Amino acid sequence: MVMPEQLRGARVSATNFPRSPTSVTSSSQAHNHSGLPIDTLFNTRQSRNPPRTGDQSLCATFAIMVNLFKRMRKLKTILDIRVGTGAAIFPSVANASKDFPAVTRLHLTYAQKIYGGHQGARHFWRNCLPRLKYYNPGVAMTVKQTTDQDIPATLSIYFADRVGSTATAIAGSQQITDKHAPAPGAGEKMATVNVKDLTYQEIWNRVQTSTNASEVPASEEDIAEAKKFAAIEEKAVHDRERIRAKRQAKKDQERMLAEARGEVEKSQTA
Amino acid sequence: MSSLGVAMPTAARGILSSCRPSLRETSMTPALSIFQQVRGMGSNPQKSKSKGKGKGKHAAPPKTSRRGPLEFRQKNLKDMEQYTLCDAMRYLRAMEVGCNPTVIKYEAHIRLRTRKDGPVIRNMIRFPHAVQTESRICVICPPDSKHAKDALAAGAILVGETEVFEAVKAGRIEFDRCLAHPDSVPALNKAGLGRILGPRGLMPSAKAGTVVEDVASRVEDLRGGTVYRERDAVIRLPIGQLGFSPEQLRDNLRTTIDQIKKDASGLNDRISKEIYEIVLSSSHGTGFSLNGEFKTDDSPETSALTGV
């Protein structure tokens, strides 16, 4: 998993999803599914075309469709939901072991301001939770932001049946309780980890060791997409510089003209 | 040098040439004089030339070329990646993770193929699964009046005068809509809440239709349905809460599309509007163009796409 970190180097958008684009693999399988189609409602001819992916569509779009291109570029942020820190699958009921039972729920509590060690928890939410949610759509994840700055930032992991052994080891050093965390349901056990003063990477490491989540490696296409967009970013730096110089030259010329005009007027009046 | 001359506005050129000797005596002269000769030949050679060409070559009437196309430009969606409903929901739910599932809404953007002029679609819709959890409505009217009782019966959650003002001033704004009865308007203005409620769009005013005599019926109207209208060939409306199951969302989407089709057909015989693309997004998520399918084999179970 080298990719995620490279991706992370990119910017973080307003919603804190680093933007980088990708091809879409999941939708390429979107052929007629007999169960409950709603396509009869749409009169779009495109509904039966398998969507195209990758370069070809992008280039075509770039040439002719500004608006759609913008939308598609924005859509590429979903690469960062698939790839990066926290792209992992929790053990489910089907493949749970004795040491690592199935994870049923996550709850994160942290304070509104970042001082006092609440930064990592927030970053964990913004960076890791979307990926965890994408790969574990059935695991409920809730976040509570409190105004009470003095409480510890906590992450509660809910297990089916029993708490995993490593989770006990990690959470067990000092027992803390999170009053904002929802009460565990029947057959659920929870382990609350203090995540104060930890970076989101450290939080993720703890989550991973305590749940034995298996990381999902980035697919070939995702890596290729990420590379392509890294290259675009790199080129954008040069392009920005070039355009800036161009605009500056134009401004300089206009300024020069204005000065000349001023001189002329002066000489006329004199 | 010549390029400089071309780039200059006419006024500047005139000024420059008039007092040429004082500025640049030698180098500038030929370029400018040549240019002026060309200008002297016709009033504006470039313009007339292009005009003549246009008449000869293009049969398009000049009217449309000046005003642009009569229809909204619709791009070919061939290159747009499209998703099934469940896949789009999976991504959107990942983007909205940790947010309140009743507050965050799925939104539909229904793009139409339509002319730029002519009537627009505007209507109200009632969904099979209500999108507004509780449109929390506050009614400002004298607390022990008949209106207060009626408003409460109609489903307002907060009714009163001074207690409402106190709550708002303390920063507790626990309602999404605010109505006022004309009798309470002087008190409302006196309380000086415009500064707090105004930016949130909650300040009652007669212009916005939120200062009304019959408070109770207005409360019922507001709780009823979702109002939508077509703007620039797109109808945008919230169609579900984040906690909805894919089936619920599908039902709402289906109802919406059916009604919009009905609206479109009911407009006018000569006006044709048809649905061209449907985009699903959420409060903070990106837009996913839907391909009309419900799910793929890779999509997670629908039960997994429900709730928080």
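Trainee: Leaving aside its neighbours within four places in sequence, with which residues is Phe124(A) in contact?

Mentor: Please keep in mind that this is a predicted model. Once the neighbours within four places are set aside, Phe124(A) is in contact with Leu108(A), Leu129(A), Tyr200(A), Ile203(A) and Trp204(A). Phe124(A) also belongs to the largest nonpolar core, which has 82 residues. Together with Ile157(A), Ile203(A), Ala88(B) and Tyr91(B), Phe124(A) touches the most other members of that core. Another core, of 17 residues, lies apart from it, and Ile137(B), Leu179(B), Leu193(B) and Val211(B) are among its residues.

Trainee: At what angle do α5(A) and α7(A) pack?

Mentor: A pair of helices is described by the angle between their axes and by the distance separating them. Here α5(A) and α7(A) meet at about 70°, and their axes are 8 Å apart. Angles of 65 to 115 degrees count as roughly perpendicular, and the two helices are therefore roughly perpendicular to each other. On the side of α5(A), the contact is made by Gly120(A), Ala121(A), His123(A), Phe124(A), Asn127(A) and Cys128(A). From α7(A) come Tyr200(A), Glu202(A), Ile203(A) and Trp204(A). Six of the contact residues are nonpolar, three are polar and one is charged.

Trainee: What is the order of the strands in the open sheet of four strands in chain A?

Mentor: In chain A the order is β3-β2-β4-β5, and the pairing is mixed. The edges are β3 (140-146) and β5 (188-194), each of which has a single partner strand, so one side of each is left without a neighbour in the sheet. From one strand to the next, the twist averages 15°. Within this sheet, β2 (residues 103-111) and β4 (residues 154-160) of chain A pair in the antiparallel sense over six bridges. Leu108(A) stands opposite Leu155(A) in β4(A).

Trainee: Which strands of chain A do helices α5 and α7 of chain A lie across?

Mentor: Helix α5 (residues 119-135) of chain A lies across β2 and β3 and runs at about 160° to β2(A). Helix α7 (residues 200-211) of chain A lies across β2, β4 and β5, at about 15° to β4(A).

Trainee: How many strands form the open sheet with the order β5-β4-β6 in chain B, and is its pairing parallel or antiparallel?

Mentor: Three strands form that sheet, and their pairing is parallel. Its edges are β5 (158-160) and β6 (177-180) of chain B; each has a single partner strand, so one side of each is left without a neighbour in the sheet. The twist averages 10° from one strand to the next. Four bridges join β4 (residues 137-140) of chain B to β6(B), and Ile137(B) stands opposite Arg177(B) in β6(B). Helix α8 (residues 162-169) of chain B packs on the sheet, where it touches β4 and β5.

Trainee: Is Ala233(B) buried or exposed?

Mentor: A residue is buried if 20 or more other C-beta atoms lie within 10 Å of its own. Ala233(B) has 20 such atoms and is therefore buried. Ala233(B) is placed in the loop between β7 (226-231) and β8 (234-241) of chain B, and its phi is positive, near 70°, in a residue other than glycine. Asp197(A), in the loop between β5 and α7 of chain A, also has a positive phi, of about 65°, although it is not a glycine. With 14 C-beta neighbours inside 10 Å, however, Asp197(A) counts as partly exposed.

Note on methods:
Residues are numbered from 1 along each chain as its sequence is written. Chains are lettered from A and ligands numbered from 1 in the order in which they are written. This is a predicted model: local features need pLDDT of at least 70, side-chain atom pairs count only at pLDDT 80 or more; totals for chains, interfaces and linings use all residues. Two strands pair if DSSP finds at least two bridges between them. Axes are lines fitted to C-alpha atoms, for helices over the stretch in contact, and angles run from 0 to 180 degrees between N-to-C directions. Two residues are in contact if their C-beta atoms, placed from the backbone, lie within 7 Å. Angles under 35 degrees count as roughly parallel, over 145 as roughly antiparallel, 65 to 115 as roughly perpendicular and the rest as oblique. Ala, Val, Leu, Ile, Met, Phe, Trp, Tyr, Cys and Pro count as nonpolar, Asp, Glu, Lys and Arg as charged, and the others, Gly among them, as polar. A nonpolar core is a set of buried Ala, Val, Leu, Ile, Met, Phe, Trp, Tyr and Cys residues joined through C-beta atoms within 7 Å. A residue is buried if 20 or more other C-beta atoms lie within 10 Å of its own, exposed if 12 or fewer, and partly exposed in between; C-beta atoms are placed from the backbone.
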